[in-house]
Amino acid sequence: MFGYYLDLALRSLRRNKALTALMVVAIALGIGASMTTLTVLHVLSGDPLPDKSGKLFYPQLDPQDMDGYKPQDDPPAQVSWIDGMALLHAKRARYQALMTGGAVPIQPAQSSIDPFFEDARYTSADFFPMFEVPFLYGQGWNAADDEAGARVAVLTRELNDKLFGGKDSTGQTLRMDDVAFRIVGVLDAWRPTPHFYDLNTGSYSSDEGVFVPLTTATDLKFARNGSTDCWGKGSGDNMKIATCTWLQFWVQLDTPADAAAYSEFLLNYSREQKTLGRFQRPANVRLPDLMGWLDYNKVVPSDVHLQAWLAFGFLLVCLVNTVGLMLAKFLRRSGELGVRRALGASRRSLFAQLLVEAGAVGLVGGIGGLLLALLGLWLVRRQPSDYAALAHLDLPMLLATFVSAVVASLLAGLLPAWRACLIPPALQLKSN
Amino acid sequence: MTLHPILAALRKHKAGTVLIALQIALTLAIVCNAVFIIGQRIDRVNRTTGLDEGDLFLVSQQWVGAPNADSTDGVEKLDAMQREDLAALRQLPDVASVAPINSLPLLNSSWTGSVSHKPGAQLGGKGNTRTAYYFTDEQMLSTLGVRLVAGRAFNAGDVQHQGFRDRRDRPVAIITQQLADKLFPKGDAVGKVMYTDGSNAPTTIIGVVARMQIPATGSWGNDFAWYSTLIPTRLDANFARYAVRAKPGRLDAAMRAVAPTLYKVNPMRVLDDDSVKPFSEIRARAYRADVGMAILMGVICLILLCVTAAGIVGLTSFWVGQRHRQIGVRRALGARKIDILRYFQIENLLIAGAGVVIGVLLSLGLNMWLMSHYEMTRIPLPYVLTGVLAMLAIGQAAVFAPARRASNVPPVVATRAA
C-alpha cells in the first residue's frame, strides 16, 4: 500500500509545482537555519574531556583583605602564587597542576625562519597525565624538573612540524627569548574545546604551541597572558609575593569522597591562613567540577544562545507556513479524495496517504535543509570569531537534520490531513 | 461595503485564517526584536572613539633578550631603547607624529583603575569612578587626533617613565569631558586634584579632552566607556606600543617603513605580520562579532518576511480557486472588478490586523524574556509600530496578485457547471 500512496503523493506533488516548491523551501529554510545554530551550540557547549570531566575540579578560595567585602561574593577565579604553590605542594589530590598562559619569542635555529611569537602554557608536571594529553614523541617533564626550574619544553605537533619538519625533535634545543630549552616531548593532535583549563585567554582560542615549567617561566620573567586581579598593595615587581590572583589551579579527585575530603582540606587551609593573618575574610571555598566551572563562567557566548532561539522561532514560522500551505493543497483536492472515499477507501487509508505525501515533502525539505545547514556552517566558519573554525556537522547532527525535517513535516501535515479526511464522500460526488 | 459577509466567509475557513494570523503574529514578534537587536549593534559599532582614525596606525613590538624591568638599571636601559625607537620613527618622511602608548580605544587590552575625590579610596567605594588609563607622552594629542577642550596639553617636562609594574605618583593627568563631568559636575575640572587607584598622592587635572573611548569593547566596559585618564608616562617593559600618525594619505608608505627602521635601530626584536596595523583593522576586529550578528539577523528577517508573504500568496490563491464560482455569481449580480479586489484586500486586512494585535503582545513578551536572559533593553514603541505597518503592507502586497486574478474571473463562470 505504501508504494501506491507514495506514487499518489508524487503525482499530487507534481501537479502543483509552485505550492510544493514553497512547502519544500519553507521546511528547508527552517531546518537549515535551526540546524546551523544548533550545531554551533552543540559544538561550543560540548564536554572537552568526556571521559574524566567529572573527576577534574577547580578549587577556589578567597585570600583578599576586607576592603569592599560583601559576604555573598564568590571567591576569585584564580589563585595567587603563594596559595597555588602551597596547594600544589600539599599533594592532596591524585594529580594537581598550577598554570598560566603566556607568549614567548621563538628563535628558530634555521635561518630560513624569522623569530616569531608563540602562545605558551607555563604549567607543572601533572598537567600532562591529568588532562590525558596524547604524546607523539617523548613525554612531559616530572616534578623534579618543576622544583629545579629546569629548562625543558614540550611542543605541539603543529609547532614541531613548523620547526623540525615533523621529525622526532626530543633531545634537541629550542631557543626562546635567548634561553636554550631542551625539548622533552612532542604532543599529538590535542585541542580540547572549550579551552577549559584557562578561560582568561579566550574560551575557544587556538591552543598554545609550547609548554614550559611554570617555575622556569616565572624565573625567566617570560611574558604572561591572562588576567591579574590585585588588592591591597597590589602588584609589585615580584609576582611571587604580589597580593594578586593570576594562576589557574586544577586537581583530579577520583571519587566523591575524595572531592568532599578536598573541600574540607581547602576550608581548613583557608582557616589556617586566616589565623596566620594572611587571609582576612571568612573562609569561602568552592570546588566546582569541570562542567560546573564552564557553566559558572558562561563560556558559551550569549550571542550563540540568542541565535539558536532566533532560529527556532524561524523554524516555527516556517512550520506554521507549511501547515497553511498543506491545508490549502489537501482541501483543494477535496474532489479527488471524495471519489476515493466513495469508492470505498477508509478514512484511515486516506489519512495515511496524505501523511505519506507530507512525509515526502519533509524528506525533500530535509535534503534541502541539510544543504542549507552545510552552507550556513560554511558561512559561520568564514566568520572571524575564535570558535568559528570548530563549526562542523557531525553524524548525529546530520541524522537529526533528516529526522527533524520529516517529523516536522508530518506534524505539519496532521491537521490538514485530518481536515481533509472529514470530507463526506457523497457531497463531493454531488457537487461534481 | 459591510464587513459582515467577509466575517461570515472567514468563519468557514477557520483553520486557514488562524494559520495566517498566527504566522503574521510570529513573524512580527521575531522581526521586531531582531531589527531592534540589529539597531543596537549598529549603534555600538558606530560609536565614535574620539580619535581621528584616518591616518593612524599602531606598532606593537617586543625586544628579545631585553634588560630586566625589575631593576632600576634595567628600566633605564629599556627606556633608552624605547626613546631610540621613538626618535627613529619620528624621523621617517611619511610620519607626522608618534607617541608611546599602552593601548588604544577598541584594542581590548586595557589598564583600568579608579579615580576619586578622596585620597586612599578603594575601587567600589563611594565617590569613586572606574577609568581606563592611557600612558603616553607629549605627542599624544596630535598623534591620536584627540581634541583638547579645556586646560593645556602635556609638555615634555610633564613626561616621566617607569617600569611596567612599578607604582609612581602621577602629578598631572588629562581626563575626558565625560569623566570631568562625572567628577566635577560644575564643570571646573581643570586645576582640581583627584586621587588615582587609591593613592594618597594628588593628581592635578591639567586638561580636558572632548572624547576618548576606553580600550574595552566588551559589555563589562559599558558603564565607563568614555571615562579615560591620560597619564604622561612612558611604560618600560620588554615590549612597547607606539601610536603613529602618518602624513595625510601616506598611511601605507609609513606602515611599510616601520619594520626596516626599527630593525635598523635594534635587530633583537620580534615584529611579525600582526605588529603594524592600521586603526581601521583594530576597529574592524573589535566589532566583527557585532557586525556578524547584525548581518545574520538581517538575513533571517528578510527570509522570514519572504516566507510569510509566500504563505499568504499560497493560501489566498487557494481561497480564490475555491471561490471561483461564488466570485462569478457576484460578478454576474453586478459587482465590479474593483469590488472583488477590495473584498480580498479587506479580508486580508482583517486577518493581518488580528495577527498584528497578537504579534504586538508577542513581541513585547519576547522582548521581556530576552531582557531577563540577555543584555537587552526595552524595545522602543516606534520599532513595534513600524513593524505593524510593515506587516500590514506586506499582507496587502502579498494578497494583491491572487486578488487581481479573482477580480478577473468573468461573470459567465456563474452559469457554468463548476
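Colleague: What does the accessible surface of chain B come to, and how much of it belongs to carbon and sulfur atoms?

Modeller: About 18300 Å², with 59% belonging to carbon and sulfur atoms. Such areas come from the Shrake-Rupley method with a 1.4 Å probe, and for residues only the protein chains shown count as cover. Bear in mind that this is a predicted model: local features need pLDDT of at least 70, side-chain atom pairs count only at pLDDT 80 or more, and totals for chains, interfaces and linings use all residues. Residues are numbered from 1 along each chain as its sequence is written, chains are lettered from A and ligands numbered from 1 in the order in which they are written, and side-chain values use heavy atoms, with hydrogens and water left out.

Colleague: And the accessible surface of chain A?

Modeller: About 18600 Å², and 58% of that belongs to carbon and sulfur atoms.

Colleague: How many helices and strands does chain A have?

Modeller: 14 helices and 12 strands. Chain B has 11 helices and 14 strands. These are DSSP runs numbered from the N terminus: helices are H or I with at least four residues, strands are E with at least two.

Colleague: What radius of gyration does chain A have?

Modeller: 31 Å, whereas a compact globule of 432 residues would be near 22 Å. The radius is taken over C-alpha atoms, and the globule rule is 2.2 Å times the number of residues to the power 0.38. The C-alpha atoms of chain A fill a box of roughly 100 × 60 × 35 Å along the principal axes.

Colleague: What share of chain A is buried?

Modeller: 53% of its 432 residues. Buried means under 20% relative accessible area, exposed over 50%, and partly exposed in between (1.4 Å probe, protein chains only). In chain B, 53% of the 418 residues count as buried.

Colleague: Switching to the interface. How many residues of chain A are in contact with chain B?

Modeller: 43 residues of chain A, and they touch 43 residues of chain B. Contact means heavy atoms within 4.5 Å. Chains A and B bury about 4000 Å² between them, 69% of it on carbon and sulfur atoms. That area is the accessible area (1.4 Å probe) the two parts lose on being put together, summed over both.

Colleague: Which three residues of chain A supply more of its buried area than any other three?

Modeller: A:Leu306, A:Leu310 and A:Val317, which supply 16% of the area that chain A buries against chain B.

Colleague: Now B:Thr143. Buried or exposed?

Modeller: Buried, because its relative accessible area is 0%. B:Thr143 is placed in helix H4 of chain B, residues 140–144. Beyond neighbours within four places in sequence, its contacts include B:Leu56, B:Ser97 and B:Arg245.

Colleague: Last topic, backbone. What phi does A:Asp177 have?

Modeller: A positive one, about 50°, although A:Asp177 is not a glycine. A:Asp177 is in the loop between strand S6 (173–176) and strand S7 (179–187). At 14% relative accessibility, A:Asp177 counts as buried.

Colleague: And where is A:Glu132?

Modeller: In the loop between helix H4 (127–130) and strand S4 (135–138) of chain A. A:Glu132 also has a positive phi of about 50° without being a glycine. With 48% relative accessibility, A:Glu132 is partly exposed.
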